[in-house]
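Hello,

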Amino acid sequence: MHPLPEPASLPSLLLSSGGWRPEWGRTRAGGMSRAGGMRPPWNQERAPEERLPSATEPGRQWSMVRRMLTAGLLFSLLLGFSLLLVYIFRSCGPGPCMTPVCWDLLARYLASGNTSVAPCTDFFNFACGQAKGTDYSFQALAEENKKRLRRILEAPGSWHLGSGEEKAFQFYSSCMDTDAIEAAGAAPLRQVIEELGGWRISGNWTSLDFNRTLRLLMSQYGYFPFFRAYLRPRPTPPYTPVIQIDQPEFDVPLKQEKEQKIYAQLFQFLRPLEQRRAQGKLFQMVTIDQLQAMELFTAIKNALVSRLRRIPWMDEKTRKEAQNRVTQLQVKMGAPEWALKPSLARQEYNDVGPCPCQLLISPQLLLSPLTRLSGRQSVHPGRSLTNPFLALIQLGPSYLQSFLSCVRSLRARIVQSFLQSFPYHRWQVSPWGVNAYYSIPDHVVVFPAGLLQPPFFHPGYPRAVNFGAAGSIMAHELLHIFYQLLLPGGCPACDTRALQGALLCLKHHYETIPLPNGTFFNGSRTFLENAADIGGLAIALQAYSKRLLWHRGETILPNLDLSPQQLFFRSYAQVMCREPGTQEPQDPHSPPTLRVHGPLSNTPAFARYFHCPHGALMNPSSRCQLW
């Protein structure tokens, strides 16, 4: 009897064309047999057709496919993200301003600039190379404002009989009636001469007392041949009105020995501007608490307050006092509130009428909506706006008589303004003027509407233009608050060594910048204004940079190929454009080329944005830090 074969412990799976099939064999000595015989356990090799497929091979293939898919997906994501960034930058980056005001500004810039000049070597010519004497930005703006006034005065209209508006239009008409003026000839002037005692050349002459004649000239005709006398508030508290004596309207020849002897007694009261500054007799103070004005000024003011924290030469007490003075400053913009209210304006002028320099033109007719921004004021309940003390304007019988009557009325108004207390600041400039100023006793800085006009400011301009032009002007005026600190002994608690080092650096900086004729300028007379120019630009740039960081939608001028930052500097220079050599001798500012090159070359950002090589005029090796 044959024994049954032992079943194999495990089936052997054979791969064949017919599929998987098992084959039984015997196990001997731990081995596994097949029908064909015995093989040792260490010899398990099989023929290729019999070998089992590896379990890792499909995993490797799938891993490779997965890597390829992941790489493709990442590449697609990167490509899509890149396209999205391009779209965002193209759609959200600075686009060209295509409004009419921007095209007008572009035309002005192209007309005054000379783009063939390298900005890093001569930025004044780059921005102002084609400017002529009549193209001085401030003068051109003043002339444009006068043209607007003229169009208003020449427009037909009907006014209330005896109103200030009617008197203004009548006065202007009499001034423009050249036929009547020529027909009157010298008769009106002869009448004035007779009132003053006559003139030998004109015929009748009466030798009057010299003092009486001088008194008539100053009180009735507003002419001061030897010195000026006027009412002004005290420079220190309690700011009561005092009679101040100052230089005459013409320049006293200080450098001529003969004239110095003649004016020896007068000179103990009259001193040149720079001497009065050095002696601390020039006073500047200012404030900002009731600010209800433009967003631009708010940004400038905030930048100044922030900058005061980092001034190295200020001690902590002076720093806090300076910040308080800024935050307490009152700001008036556009026009006085009473002038914007027809009822108050008529009361103000109905009795006395206007003077030629104070013509009452409704500011609503003249000013843009922006210029209506001014601090709120109220009329003192105990004050009558009509005062019999003031002389009435007598229009006629000649234009000269109307003019002189107006001068007398204006002087009477000035005196009356100091005899009565007013609850608000009385503006010292017309709303259409272009000169900003600040008042010490009232703690007010004033920016008239005439200044906030193209090309310095417009709501439709790129922000770079408004910050570079109007913003730098505002910052310049604010720095007048601290003039006293820069004078000798003006800040005893400050780091005197650091302050004097900064001032000497500033003086040297301006003296090393050549003028167009190759000479150099002595900036000792203008160092206060130079300091305000440099500080004003730095403050305006800081405010603009912050605005770019937090606000979108910046624009640029079309076809000018300037970035927003470059446009900022270009707009700053445009403010200073004027033909070299046309500056008035008594101007306390540096020549226009220095007002451009001095601050810009002291600003590292200028060299960075215009890619100026190290050592170029606009990228010097050293710079000064005062503000």
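Predicted model: local features only at pLDDT ≥ 70, side-chain atom pairs only at ≥ 80, totals over all residues.

The chain holds 23 helices and 9 strands. Of its 627 residues, 43% count as buried. If you take the contacts with a separation of 6 or more, 67% of them are between residues 24 or more positions apart.

**Two helix pairs**

On the helix 4 side you will find Arg150, Ile152, Leu153 and Glu154, and they meet Ala168, Phe169, Tyr172 and Met176 of helix 5. Sorted by class, this contact has 6 nonpolar residues, 2 charged ones and no polar ones.

The other pair is helix 12 (residues 295-308) and helix 13 (residues 316-327), with axes that come within 9 Å and cross at roughly 175°. An angle over 145° counts as roughly antiparallel, and helix 12 and helix 13 are therefore roughly antiparallel to each other. Helix 12 brings Lys301, Leu304, Val305 and Leu308 to the contact, while helix 13 brings Arg319, Ala322, Gln323, Val326 and Thr327. The residues of this contact divide into 5 nonpolar, 2 polar and 2 charged.

**One face of a helix**

Next, have a look at helix 7 (residues 187-195), where the buried residues are Pro188, Val192 and Ile193. Viewed down the axis of helix 7, these buried residues fall within an arc of 140°, so they line one face of the helix. As background, an α-helix has 3.6 residues a turn, so residues three or four places apart point the same way. Just after helix 7 comes Gly197, which takes a positive phi of about 105°.

Arg595 sits in helix 22 (residues 592-601). Is Arg595 buried or exposed? Its relative accessibility is 11%, and because buried means under 20%, Arg595 counts as buried. The side chain of Arg595 makes a polar contact with the side chain of Asp533, at 2.9 Å. Leaving out residues up to four places away in sequence, Arg595 touches His476, Asp533, Tyr572, Met576, His589 and Ser590.

Pro448 belongs to strand 8 (residues 444-448). Pro448 is buried, with a relative accessible area of 0%. Which residues are in contact with Pro448, leaving aside its neighbours within four places in sequence? They are Gly334, Trp427, Val429, Ser430, Pro431, Gly433, Val434, Asn435 and Ala436. Tyr437 is 11 residues from Pro448 in sequence, and the two are 9.0 Å apart in space, C-alpha to C-alpha.

Gln566 is part of helix 21 (residues 564-575). Gln566 is buried too, with a relative accessible area of 12%. Setting aside residues up to four places away in sequence, Gln566 touches Asp561, Tyr609 and Phe610. You will meet Asp561 again below.

**Loops to look at**

Met98 lies in the loop between strand 3 (95-96) and helix 2 (100-112). Met98 and Pro558 are 460 residues apart in sequence, yet 7.1 Å apart in space, C-alpha to C-alpha. Beyond residues up to four places away in sequence, Met98 touches Trp103 and Pro558.

In the loop between strand 8 and helix 17 (463-479) you will find Pro455. A cis peptide bond joins Pro454 and Pro455, with omega at about 10°.

The loop between strand 9 (555-556) and helix 21 is where Asn559 lies. Asn559 is not a glycine, although it has a positive phi of about 60°. At 69% relative accessibility, Asn559 counts as exposed. Asp561 also lies in the loop between strand 9 and helix 21. Asp561 has a positive phi as well, about 55°, although it is not a glycine. With a relative accessible area of 74%, Asp561 is exposed.

I hope these notes make a friendly way in.

Best wishes

Technical notes: Residues numbered from 1 in each chain as written. Heavy atoms only, no water. Contact = heavy atoms within 4.5 Å. Helix = DSSP H or I, 4+ residues; strand = E, 2+ residues; numbered from the N terminus. Nonpolar A, V, L, I, M, F, W, Y, C, P; charged D, E, K, R; others polar. Buried < 20%, exposed > 50% of the residue type's maximum accessible area, 1.4 Å probe, protein only. Arc of directions from axis to C-beta. Polar contact = N/O pair within 3.5 Å; in protein donor to acceptor, adjacent residues only side chain to side chain. Axes fitted to C-alpha atoms, helices over the stretch in contact; angles between N-to-C directions. Parallel < 35°, antiparallel > 145°, perpendicular 65-115°, else oblique.
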